[in-house]
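Thanks for coming, everyone. I have one structure to walk through today. Please bring it up on your screens.

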Amino acid sequence: MNQGPRGAQDLVHAMEMGAGRRWVQRWLVIMAVLAVGGIYLMREARNFSNPEAMDLGQLGRNLAAGRGYTTRLVRPLSFHLLQERAKETGQPQAGLLQKPHPDLHNPPVYPVMLAGLFKVLPERLWTSLTQDPFRQRPWPETFITLFNLGWLALGTWLVWRLGSRWFDWEVGLMSAAVYAGTELLWRMSSNGLPAPFLMVLVLVLADVLVRLDETGAELAPGLLPPLGRPLRLAATAGVVIGVGFLTRYAFGFVLIPAVAWMLMTHVRRWAVVPACLLAFAVVVAPWIGRNYHVSGRLLGTAGSAMLA
């Protein structure tokens, strides 16, 4: 039966050679990441320069303040769609501009995450601008950057995990170091957009698809694996793609190569593909239905933006 260290000598031995050594290494890595993140925030991070980041931020603020999924950025096209929808449904068109304007441009996942972030922070930090003339960056932007840096850290861990699982520990460590040391990814984490979260979804999807491909690999040729695990993994892939679609609509195109890959490689293709498509549809259908109910279009104004 294993026992903990009984004295100072046993404790030192555990810290140098035993399980304590791994915990010390992990804490050192965590502290190094936090230190680098703090230095980056103070020295290199810049204010949001992308209007889309500011738009997503105000959507998160409105949700956190209890105003629903409404926006103060009233686009002429979205107002026109609301007018046309009011005509179709026989509702009064007068006073549309005076009512809270539903956002028809942005998918909901990232603003909802920002709303959750704001709700755990003191209200004064995300509802007012800084009065300090030496502090040029508002507090909400700083916290959103920290939030995205957390997704960057999670992505680094996933890269290490995938590299170690597919190859070996050294490959995983080198891949994670390259991922975490890429300055472009740090800039993407500080611009207020959901790119770091989407990269995490891509890594999770890759892991799920590889696990799906490995189901039944231990069986003799010609034998079919049980359906339970492949169906769960395929449904998980559909959910991941659905969440990505509800973060940025263009992510939905990932469904095409994922389904094509299942059709070409998996022996249970005619079961796993419907499971993936059904899970994707279940995730995105409520939001698509909301858009159509409000504006008469499945993607609101986002489809027109893609065409433009």
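This is a predicted model: local features need pLDDT of at least 70, side-chain atom pairs count only at pLDDT 80 or more; totals for chains, interfaces and linings use all residues.

Now the overview. The protein chain has 308 residues, and 39% of them are buried. Its secondary structure comes to 14 helices and two strands. The chain exposes about 17,900 Å². Carbon and sulfur atoms supply 67% of that area.

Let's go to helix α5, residues 109-119. How many of its eleven residues are buried? Eight are, so α5 is largely enclosed by the rest of the structure. The buried ones are Val109, Tyr110, Pro111, Met113, Leu114, Ala115, Leu117 and Phe118.

What packs against α5? Take helix α3 to begin with, residues 51-64. The axes of α3 and α5 come within 7 Å and cross at roughly 55°. The two helices are therefore oblique to each other. Their crossing is right-handed. On the α3 side, the contact uses Leu56, Gly57, Leu59, Gly60, Arg61, Leu63 and Ala64. On the α5 side, you find Tyr110, Pro111, Val112, Leu114, Ala115, Phe118 and Lys119. By class, that contact has ten nonpolar, two polar and two charged residues.

Next partner: helix α7, residues 139-166. Here the axes are 11 Å apart, at an angle of about 115°. So α5 and α7 are roughly perpendicular to each other. This crossing, too, is right-handed. From α5 come Tyr110, Met113, Leu114, Leu117 and Phe118. From α7 come Pro140, Phe143, Ile144, Phe147, Asn148 and Trp151. The residues of this contact divide into ten nonpolar, one polar and no charged.

Move on to another pair. Helix α4 covers residues 76-89, and helix α13 covers residues 269-295. Their axes are 7 Å apart, and the packing angle is about 75°. That makes α4 roughly perpendicular to α13. Leu81, Leu82 and Arg85 of α4 make the contact with Tyr292, His293, Val294 and Ser295 of α13. The count by class is four nonpolar, two polar and one charged.

Stay on α13 for a moment, and find Ile288 in that helix. Is Ile288 buried or exposed? Its relative accessibility is 17%, so Ile288 counts as buried. Set aside its neighbours within four places in sequence, and Ile288 is in contact with Phe245, Leu298 and Leu299. Now check Leu246, 42 residues away along the chain. The C-alpha atoms of Ile288 and Leu246 are separated by 9.5 Å.

Last stop: Tyr249. Where does Tyr249 sit? In the loop between α11, 228-245, and α12, 255-265. Although Tyr249 is in a loop, this residue is buried, with a relative accessible area of 8%. Again leaving out neighbours within four places in sequence, Tyr249 is in contact with His105, Asn106, Pro107, Trp287, Asn291, Leu299 and Ala302. Tyr249 and Leu299 are 50 residues apart in sequence. In space, C-alpha to C-alpha, the two are 8.4 Å apart.

Key: Residues are numbered from 1 along each chain as its sequence is written. Side-chain values use heavy atoms; hydrogens and water are left out. Axes are lines fitted to C-alpha atoms, for helices over the stretch in contact, and angles run from 0 to 180 degrees between N-to-C directions. Helices (H or I, at least four residues) and strands (E, at least two) are DSSP runs, numbered from the N terminus. Angles under 35 degrees count as roughly parallel, over 145 as roughly antiparallel, 65 to 115 as roughly perpendicular and the rest as oblique. A crossing is left-handed if the near helix is turned anticlockwise from the far one by less than a right angle, and right-handed if clockwise. Contact means heavy atoms within 4.5 Å. Ala, Val, Leu, Ile, Met, Phe, Trp, Tyr, Cys and Pro count as nonpolar, Asp, Glu, Lys and Arg as charged, and the others, Gly among them, as polar. Buried means under 20% relative accessible area, exposed over 50%, partly exposed in between (1.4 Å probe, protein chains only). Accessible areas come from the Shrake-Rupley method with a 1.4 Å probe; for residues, only the protein chains shown count as cover.
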